[in-house]
Amino acid sequence: MTERRVEAVGSELRWMSSVFVAGADDAAREFDGHHQSLCEISTGLWDNSGQALMTLAESWRRRGMGLAGVVGDHGTMLTAADTAFLAADDTSAASLRVMPYRPDASGSSDIELRL
């Protein structure tokens with residue numbers, strides 16, 4: 001397997017998160033719309049045929065909503081990852097801003113490096 005380097009960039013994580021969440025919301029609306037259409041069609045069918053279509057439509061709706069939920073959850077987790085990434089990045093940057101410098105173990109003077 002080829003190794004690939006992955007870089008976490010906060011703005012890209014936020015953008016990707018919003019894509020997943022928006023896509024999940026759009027998909028849920030689409031699934032709901034298809035379900036409503038099938039429900040309307042089923043009322044015009046004979047009893048058994050209408051009930052069979054309703055059962056199938058409900059099954060498709062549950063499956064679709066489940067998939068949309070998984071995608072939405074992934075987007076939410078990307079948001080949490082972005083928040084954690086930014087917090088870790090800020091903490092790392094803060095620890096580098098003021099750091100004592102000792103040229104060797106015997107040196108007694110500290111020089112502060114400010115970035």
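**Helix pairing and burial**

Trainee: Why does S42 count as buried?

Mentor: S42 has a relative accessibility of 7%, and buried means under 20%, so S42 counts as buried. The model is predicted, and the values are computed from it.

Trainee: Where is S42 found, and what is S42 in contact with beyond its neighbours within four places in sequence?

Mentor: S42 is found in helix 1. With those neighbours left aside, its contacts are G50, L53 and M54.

Trainee: Which residues of helix 1 are buried?

Mentor: They are G10, L13, S17, A24, H35, L38, C39 and S42.

Trainee: What makes H35 count as buried?

Mentor: The relative accessibility of H35 is 8%. The cut-off for buried is under 20%, so H35 counts as buried.

Trainee: What does H35 touch, not counting residues up to four places away in sequence?

Mentor: H35 touches A57, E58 and R61 on that count. The side chains of H35 and E58 are also joined by a polar contact of 3.0 Å. That pair passes the distance part of the test, because a polar contact needs N or O atoms within 3.5 Å.

Trainee: Is E58 buried, partly exposed or exposed, and why?

Mentor: E58 has a relative accessible area of 26%.

Trainee: How do you know that the side chains of E58 and R61 meet in a salt bridge?

Mentor: Their N to O distance is 4.0 Å. The limit is within 4 Å, and the pair is listed as a salt bridge. Both residues lie in helix 2, three residues apart, about one turn of the helix. Salt bridges with shared partners join D32, E58, R61 and R62 into one network.

Trainee: What makes R61 and D32 a salt bridge?

Mentor: The closest N and O atoms of R61 and D32 are 3.2 Å apart, and the cut-off is 4 Å, so the pair is a salt bridge. R61 lies in helix 2 and D32 in helix 1, so the pair ties together parts that are 29 residues apart in sequence. R61 is partly exposed at 27% relative accessibility, and D32 is partly exposed at 26%.

Trainee: Which residue forms a salt bridge with D26, and how far apart are the closest N and O atoms?

Mentor: R29 does, with the closest N and O atoms 2.4 Å apart. Both lie in helix 1, three residues apart, about one turn of the helix. At 54% relative accessibility R29 counts as exposed, because exposed means over 50%. D26 is partly exposed, at 40%. The structure holds five salt bridges.

Trainee: How do you know that the span of helix 1 agrees with what the helix should span?

Mentor: Helix 1 has 33 residues, and at 1.5 Å a residue they should span 48 Å. The end C-alpha atoms are 48 Å apart, so the two agree.

Trainee: Why does W15 count as exposed?

Mentor: W15 has 54% relative accessibility. The threshold is over 50%, so W15 counts as exposed. W15, M16 and V19 make a nonpolar surface patch of about 280 Å².

Trainee: What pattern does the protein follow along the sequence?

Mentor: The pattern is α-α-β-β, with two helices and two strands. Of its 115 residues, 15% count as buried.

Methods. Residues are numbered from 1 along each chain as its sequence is written. This is a predicted model: local features need pLDDT of at least 70, side-chain atom pairs count only at pLDDT 80 or more; totals for chains, interfaces and linings use all residues. Side-chain values use heavy atoms; hydrogens and water are left out. Buried means under 20% relative accessible area, exposed over 50%, partly exposed in between (1.4 Å probe, protein chains only). A polar contact is a pair of N or O atoms within 3.5 Å; within protein, one must be able to donate a hydrogen and the other to accept it, and residues adjacent in sequence count only if both atoms are side-chain atoms. Contact means heavy atoms within 4.5 Å. The expected span of a helix is 1.5 Å times one less than its number of residues. Patches are made of residues with over 30% relative accessible area and no salt bridge: like charges are joined within 9 Å, nonpolar side chains (Val, Leu, Ile, Met, Phe, Trp, Tyr) within 5 Å. Accessible areas come from the Shrake-Rupley method with a 1.4 Å probe; for residues, only the protein chains shown count as cover.
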